[in-house]
Amino acid sequence: MISSPSTRRPGPVYPHGLTGEAIPLSCRIVGLVDVFDALRPYKKAWSRKAALEHTVAERGRHFDPALVDCFVGNFHFFSM
């Protein structure tokens with residue numbers, strides 16, 4: 001994970017130039033939850049619903065589509 005930081009899915013990952021599925025799964029997971037956590041309601045800028053809607057809107061662009069589907073499908077398990 002250190003050599004492949006979380007980043008936008010379509011863009012190259014420094015320093016190896018990885019994109020899409022070539023980005024390690026662990027990095028794609030951290031990328032998704034890092035952004036979602038940054039949008040959490042404790043910052044009072046985003047509601048839980050708005051943060052989830054943003055995550056879904058970025059499916060396939062910023063985030064791995066399969067991970068977003070898994071995240072949304074299990075969202076009811078997360079408490080905030």
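Let me start with a word we need: a residue is buried when its relative accessible area is under 20%, exposed when over 50%, and partly exposed in between, using a 1.4 Å probe and protein chains only. Helices are DSSP runs of H or I with at least four residues, strands are runs of E with at least two, and both are numbered from the N terminus.

Now the model. This one is predicted, so local features need pLDDT of at least 70, side-chain atom pairs count only at pLDDT 80 or more, and totals for chains, interfaces and linings use all residues. Residues are numbered from 1 along each chain as its sequence is written, and side-chain values use heavy atoms, with hydrogens and water left out.

The overall layout. The protein has three helices and zero strands. Along the sequence, the pattern reads α-α-α. Of its 80 residues, 31% count as buried. The protein exposes about 5100 Å², and carbon and sulfur atoms supply 61% of that. Accessible areas here come from the Shrake-Rupley method with a 1.4 Å probe, and for residues only the protein chains shown count as cover.

Which residues of helix α2 are buried? In α2, residues 48-57, they are Ala51, Leu52 and Thr55. Seen down the axis, they fall within an arc of 100°, so they line one face of the helix. That arc is taken from the directions from the helix axis to the C-beta atoms.

Contact means heavy atoms within 4.5 Å. Of the contacts with a separation of 6 or more, 42% are between residues 24 or more positions apart.

Next, charges. A salt bridge is a side-chain nitrogen of Lys or Arg within 4 Å of a carboxyl oxygen of Asp or Glu. How many salt bridges does the whole structure hold? The search finds five. One of them joins Asp64 and Arg28, at 2.1 Å, N to O. This pair links distant parts of the chain: Asp64 sits in the loop between α2 and α3, Arg28 in helix α1, 36 residues apart. Both are buried. Glu21, Arg28 and Asp64 are linked in a network of salt bridges.

Another bridge joins Asp69 to Arg59, with the closest N and O atoms 2.8 Å apart. Asp69 lies in helix α3 and Arg59 in the loop between α2 and α3, so the pair ties together parts 10 residues apart in sequence. Asp69 is partly exposed, at 42% relative accessibility.

Now the cysteines. A disulfide is a pair of cysteine sulfur atoms within 2.5 Å. The whole structure has zero disulfides. Is Cys27 buried or exposed? Cys27 is buried, at 2% relative accessibility. Cys70 is partly exposed, at 46%.

Last, the surface. Leu25, Ile29 and Val33 form a nonpolar patch, with about 230 Å² of accessible area together. Patches take residues with over 30% relative accessible area and no salt bridge, joining like charges within 9 Å and nonpolar side chains (Val, Leu, Ile, Met, Phe, Trp, Tyr) within 5 Å. Val33 lies in helix α1, residues 25-38. Val33 is partly exposed, at 40% relative accessibility.
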